[in-house]
Amino acid sequence: MSRRWPIDFKIDFSPLLWIVHLGVWLFALWLIIDAATGNLTANPIQAATQRTGKIALILLSFSLACAPLSNIPGLNQFGRVRRALGLYAFLYASGHFVLFVGVDYGFNLRFIWADAAGKPYIWTGLAAWLILLALAVTSFRWWMRCLGKTWKRLHRLVYLAAPLVILHYVWARKGNLLTVSGDMVQPLLFGLLIALLIAVRISAARRVVASCIAGLPGSRIR
Ligand code: HEM
């Protein structure tokens, strides 16, 4: 019996995918160059943590945007970059996490616990990262086959991870959603974008969008 590997080694030559790969690694290179040349503000660890966190959120938002975009005629390429964007979001979030626990706290669990205990933003970040970890691990075809229908349900957790990241962002900026106080402009803009992307996945809103798209020439939705 032939053995099936849990990882796909097929190479996809979609131009959009290559743009994603190139863009993501260029951002990493830019961060490394800034760190090596002392261009990361007076607090380089904090700046690097913020930058990796922001890029992870941007990539996560792009990956959520891929599903509705791929339904628009002529934009079906977006469906092929969704997984890569999700995996890169996880990669940047992991770098962000390692910068915090490793570089900032030297993996000292006692210090981390003492600091994290009173900071809910750390816990929301950790919850989001654990979801992204589960989705990244099970993103391979082999897991898709093993889990069957559960795979789809599991991967819907991305719609929980994204709002958790927004909450993490708001609290990290010491903002308050109820009184809309603190440094909230950027977290709120990202929050609006995520809310919109979740709304188009909710069936009622989806039907409206789908019926509009179905009217366009060349649409794949009927
Ligand atoms: C265990 C998981 C996580 C930990 C420990 C963590 C830690 C942190 C810390 C310490 C900050 C504040 C940096 C500062 O301003 O001093 C921060 C901010 C942030 N984090 Fe996380 N984070 C985690 C997960 C995530 C994930 C999964 C994402 C996105 C996918 C994310 C996105 C962000 C963003 C966007 C900011 C705000 C950056 C800014 O102020 O410009 N974090 N995080």
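H3 and H5 pack with their axes 10 Å apart, at an angle of about 135°. The model is predicted. The crossing of H3 past H5 is left-handed.

**Helix packing**

H3 also meets H2. Here the axes come within 8 Å and cross at roughly 160°. An angle over 145 degrees counts as roughly antiparallel, so H2 and H3 are roughly antiparallel to each other. H2 passes H3 in a left-handed crossing. The residues of this H2 contact with H3 include 20 nonpolar, nine polar and two charged ones.

H2 has another partner in H9, residues 185–199. The two axes come within 10 Å and cross at roughly 25°. With a cut-off of under 35 degrees, that makes H2 roughly parallel to H9. Again the crossing is left-handed, with H2 passing H9.

| Helix pair | Axis separation | Crossing angle |
|---|---|---|
| H3 and H5 | 10 Å | about 135° |
| H2 and H3 | within 8 Å | roughly 160° |
| H2 and H9 | within 10 Å | roughly 25° |

**Helix H3**

H3 covers residues 78–104. Does its length fit a helix, or depart from one? At 1.5 Å a residue, its 27 residues should span 39 Å, and the end C-alpha atoms lie 36 Å apart, which agrees. H3 carries a kink of about 30°, centred on Val98. Just after the helix, Gly106 adopts a positive phi of about 55°.

**The ligand shell**

The ligand is surrounded by 24 residues. Gly53, Ala56, Ala93, Gly125 and Ala172 are the closest. Four helices each supply at least two residues of the shell: H2 (44–70), H3 (78–104), H5 (120–137) and H8 (158–172). Which helix gives the largest share? H2 does, with eight residues. By class, the shell has 15 nonpolar, seven polar and two charged residues.

The packing and the shell share several elements. H2 and H3, whose axes come within 8 Å, both supply residues to the shell around the ligand. H5, which packs against H3 at about 135°, is also among the shell helices.

Terms used:
Residues numbered from 1 in each chain as written. Predicted model: local features only at pLDDT ≥ 70, side-chain atom pairs only at ≥ 80, totals over all residues. Near = placed C-beta within 6 Å. Nonpolar A, V, L, I, M, F, W, Y, C, P; charged D, E, K, R; others polar. Expected span 1.5 Å × (residues − 1). Bend = angle between axes of the 7 residues up to and from the residue. Axes fitted to C-alpha atoms, helices over the stretch in contact; angles between N-to-C directions. Parallel < 35°, antiparallel > 145°, perpendicular 65-115°, else oblique. Left-handed = near helix turned anticlockwise from the far one by under 90°.
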